[in-house]
Amino acid sequence: MKRYLITGASRGIGRAIAEKLAAKDVELLLHGRDTVALAQTQKAVELQCAKVALLIHDLAITAGVSDLIAEVGKERIDLLVNNAGVAVVKPFMEITQIEWKQTVGVNITAPFMLTQHFAPRMPPGSSIVNILSVAAKRGFPNWSAYCMSKFALEGFSQCVREELRDRKIRVINVYPAATDTEIWDQIEGKWPRKKMMGATEVGDAVVFALARPTDTLVENITLSSLAGNL
Ligand SMILES: NC(=O)c1ccc[n+]([C@@H]2O[C@H](COP(=O)([O-])OP(=O)(O)OC[C@H]3O[C@@H](n4cnc5c(N)ncnc54)[C@H](OP(=O)(O)O)[C@@H]3O)[C@@H](O)[C@H]2O)c1
């Protein structure tokens, strides 16, 4: 049986990835904070998978990441999806230290700690998927904390990809443009939600990359609505 760990699987893109990866020979290790939302993801996938485990931890603090690692246990995992993320969107002059630290914790430190812990324990043929963003490639006004975090994960993951090639572990980076998920509920402003991609498009892209022969690496996938980055 294969074991797949997906962070931020309680909603949005993480849930869509979980739904697409559910299979009879797979144990899904689904992480989130919101127990009700995570249980909804479990309900959506449990009939399609061998086993589902729910892991409730706050990744903004390193103790939460360590607890997640401990709960996953010593058994190997075959896939790590670094998906959990937060978006603080406001003029850079207004970003508080707490918001900055939270962004660094969830969007950078958690993927760093999870990758550092799990990669050495992953067998050849395993994969690490990082959900980045078009904001990992260019700046947008008011998205400085978010872009900072995605640019950082971009640099880290590019290097890790090269370090893991010899061990036959694939590092797949996905760069969605605006995707209609609840992340937009807390972002001020009017956003054209109906024109955005659906989260299932990102899930499909992840499945496509993972389904390539294990010696083929889909390094980067950028996805946008035909309407643009929005
Ligand atoms: N939606 C977009 O337009 C878009 C575009 C490009 C990239 N992305 C990236 O895609 C990823 C998923 O985003 P989404 O759009 O699906 O957002 P979402 O619907 O808001 O989901 C975010 C997920 O991250 C988890 N999360 C947030 N803060 C956390 C914390 N402190 N500790 C643990 N988990 C935490 C949430 O868990 P709980 O809800 O259980 O707390 C939730 O499962 C993020 O990395 C985001 O940057 C999104």
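Me: A residue is near a molecule if its C-beta atom, placed from the backbone, lies within 6 Å of it. Which residues of the shell are the closest to the ligand?

Reply: This is a predicted model, in which local features need pLDDT of at least 70, side-chain atom pairs count only at pLDDT 80 or more, and totals for chains, interfaces and linings use all residues. Residues are numbered from 1 along each chain as its sequence is written. The ligand is surrounded by 27 residues. The closest are Gly8, Gly12, Gly32, Gly85 and Thr181.

Me: Which helix gives the most residues to the shell around the ligand?

Reply: Helices (H or I, at least four residues) and strands (E, at least two) are DSSP runs, numbered from the N terminus. The protein contains 6 helices and 7 strands, and its elements run β-α-β-α-β-α-β-α-β-α-β-α-β from the N terminus on. With 3 residues, the greatest contribution to the shell comes from helix H1 (residues 12–21).

Me: What radius of gyration does the protein have?

Reply: The C-alpha trace spans about 45 × 35 × 35 Å along its principal axes. Taken over C-alpha atoms, the radius of gyration can be set against the globule rule, 2.2 Å times the number of residues to the power 0.38. For 230 residues, a compact globule would have a value near 17 Å, and the protein agrees with this, at 17 Å.

Me: What percentage of the contacts with a separation of 6 or more joins residues 24 or more positions apart?

Reply: Two residues are in contact if their C-beta atoms, placed from the backbone, lie within 7 Å. Beyond its neighbours within four places in sequence, Val174 is in contact with residues including Val129, Ile131, Val202 and Ile221. Across the protein, the share for residues 24 or more positions apart is 69%.
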